[in-house]
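Take a look at the two chains below.

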Amino acid sequence: MVTYDHYLEEPGSLEVAYFSTLGTQRAGHDFHAGWLELEYGVKAWWTTELYLDGQTTFHDSTVFTGFRWENRFRLLQREHFINPVLYIEYEQISEADKIIKEVEGHDIEADHAVPNAEARQGHNHELELKLLLSKNFKGWNVAVNPLATKPLLPSAPWEFGYAAGVSRPLALKASAQKCNFCRENFSAGVEMYGGLGDRISPGLHETSHYLAPAVAWNLPSGWSFRVSPGFGLNDNSHQLLMRWGVSREFSGFGETISKMFRGRQ
Amino acid sequence: MKGLFLSLSMLLLGAVVALAQADRSKGRNAGDSRFDYAELSKAPEKARARQNPLAGDETAVAGGRNLFERHCAECHGLSGEGGKKGPSLVVPEVQDATPGTVFWVLTNGVVRRGMPVWSKLPEAQRWQLVSYLKTLKIETPTAAAK
């Protein structure tokens with residue numbers, strides 16, 4: 001749910017997804033942050049993605065918190081021992097954003113205890129870079145994503161973080177029958193992610209970290225469902241980040257749009 | 001907030017135009033020279049020599065057909081006859097290639113030409129796909145004309 005492997009969206013396909021994070025909050029109110037995700041395969045080596053974020057803090061309010069534009073570029077043409085993908089994201093979000101799609105720098109639970117009316121006054125413009133490293137081995141996928149974020153203010157330092165995970169389909173061979181509940185349609189894994197401080201103050205102090213098992217169900221029709229409870233590993237972390245999401249892939253979307261444009265010429 | 005929505009609108013507009021431009025170049029058919037099957041000849045000798053561990057397994061063929069319909073048919077056609085986005089697979093270049101060669105192309109894709117890498121499928125499923133592909137009949141000119 002947080003860690004990326006090196007596989008990109010198929011060219012011309014659009015994936016529409018809704019994901020949410022239900023988070024517990026000490027010294028504040030629990031929250032439900034949701035985001036809409038539009039992922040498009042521009043080329044076999046380039047995937048672009050737009051996120052629209054929002055959140056509801058219980059006993060407070062519901063707010064739209066901004067957008068993110070993400071691009072992933074496959075760096076090598078063929079499969080290698082380790083496969084690198086460059087991830088570049090621009091985000092324009094308010095400080096009320098709570099989707100916690102990644103943890104970086106000195107992000108801690110207390111950051112999210114601020115009431116929405118106050119938090120939404122602050123805005124973050126950030127550039128985020130990740131190196132997505134991933135490998136498949138005997139049906140297992142192992143992925144590691146070091147990340148660096150630069151708030152677009154001259155005085156703000158680079159912030160660092162990580163995500164790493166392993167996952168595997170429940171069956172490696174496809175069934176002879178068409179089925180939704182076959183084991184190969186399910187995969188399970190576990191991931192860990194957290195902050196590593198910033199350029200001025202690197203390290204693990206005042207950082208938060210999570211361990212999250214995850215289960216995915218990928219239906220032949222293009223629908224996918226994912227669930228992942230994330231457990232905070234230290235006192236700076238939310239005790240629980242319950243994530244779930246649903247997505248639908250639309251093959252041939254690019255061709256449809258292209259036809260619309262061509263039809264008017 | 002007004003600036004945010006303006007930025008968002010511009011971003012969406014840019015994205016739609018970009019994807020339309022990217023797909024404009026895709027109006028090609030199976031006879032196009034972009035589908036020259038050259039990638040098959042790039043498979044290393046060791047990869048070519050690999051045997052399909054599921055050869056002769058009928059259930060592997062059935063599973064491979066399901067996988068083909070799910071992942072490959074959109075570009076290569078339901079019967080592997082090819083389409084606007086992907087070449088025909090019922091041609092001698094593919095059918096005469098060794099199972100190991102087909103497996104290698106599946107695994108590595110042809111990224112520059114739009115075919116994604118399929119190593120995200122477990123190895124057994126890729127061999128199932130090879131098993132199914134090898135059951136497709138080479139399309140003769142007469143059969144194609146019908």
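This is a predicted model. Begin in chain B, where α6(B) and α7(B) pack at an angle of about 125°. Their axes lie 9 Å apart. Angles over 145 degrees would count as roughly antiparallel, and 65 to 115 as roughly perpendicular. The two helices are therefore oblique to each other. The crossing of α6(B) and α7(B) is right-handed.

Which residues in α6(B) and α7(B) meet? From α6(B) come B:P99, B:V102, B:F103, B:L106 and B:T107. From α7(B) come B:R126, B:W127, B:L129, B:V130 and B:L133. By class, this contact has eight nonpolar residues, with one polar and one charged.

The largest nonpolar core has 31 residues. Those with the most contacts inside it include B:V102, B:F103, B:V105 and B:L106. B:L129, B:V130 and B:L133 are also in that group. Three elements of chain B give two or more residues to this core: α3 (58-71), α6 (99-108) and α7 (123-133). A second, separate core has 17 residues. Among them are A:W35, A:Y51, A:I99 and A:L241.

Step back to chain B as a whole. How many helices and strands are there in chain B? There are eight helices and zero strands. Chain B has 146 residues, of which 38% count as buried. Take its contacts between residues at least 6 apart in sequence: 71% of these join residues at least 24 apart.

Last comes the contact between the chains. Chain A puts in 37 residues and chain B 36 residues. On the side of chain A that touches chain B, the elements that give two or more residues are β2 (31-43), β3 (46-57), β4 (62-74) and α2 (253-263) of chain A. Which of them gives the largest share? That is α2(A), with five residues. By class, this side of chain A has 17 nonpolar residues, 12 polar and eight charged.

Terms used:
Residues numbered from 1 in each chain as written. Chains lettered and ligands numbered in written order. Predicted model: local features only at pLDDT ≥ 70, side-chain atom pairs only at ≥ 80, totals over all residues. Core = buried A, V, L, I, M, F, W, Y, C linked by C-beta atoms within 7 Å. Buried ≥ 20, exposed ≤ 12 C-beta atoms within 10 Å, placed from the backbone. Helix = DSSP H or I, 4+ residues; strand = E, 2+ residues; numbered from the N terminus. Contact = placed C-beta atoms within 7 Å. Nonpolar A, V, L, I, M, F, W, Y, C, P; charged D, E, K, R; others polar. Axes fitted to C-alpha atoms, helices over the stretch in contact; angles between N-to-C directions. Parallel < 35°, antiparallel > 145°, perpendicular 65-115°, else oblique. Left-handed = near helix turned anticlockwise from the far one by under 90°.
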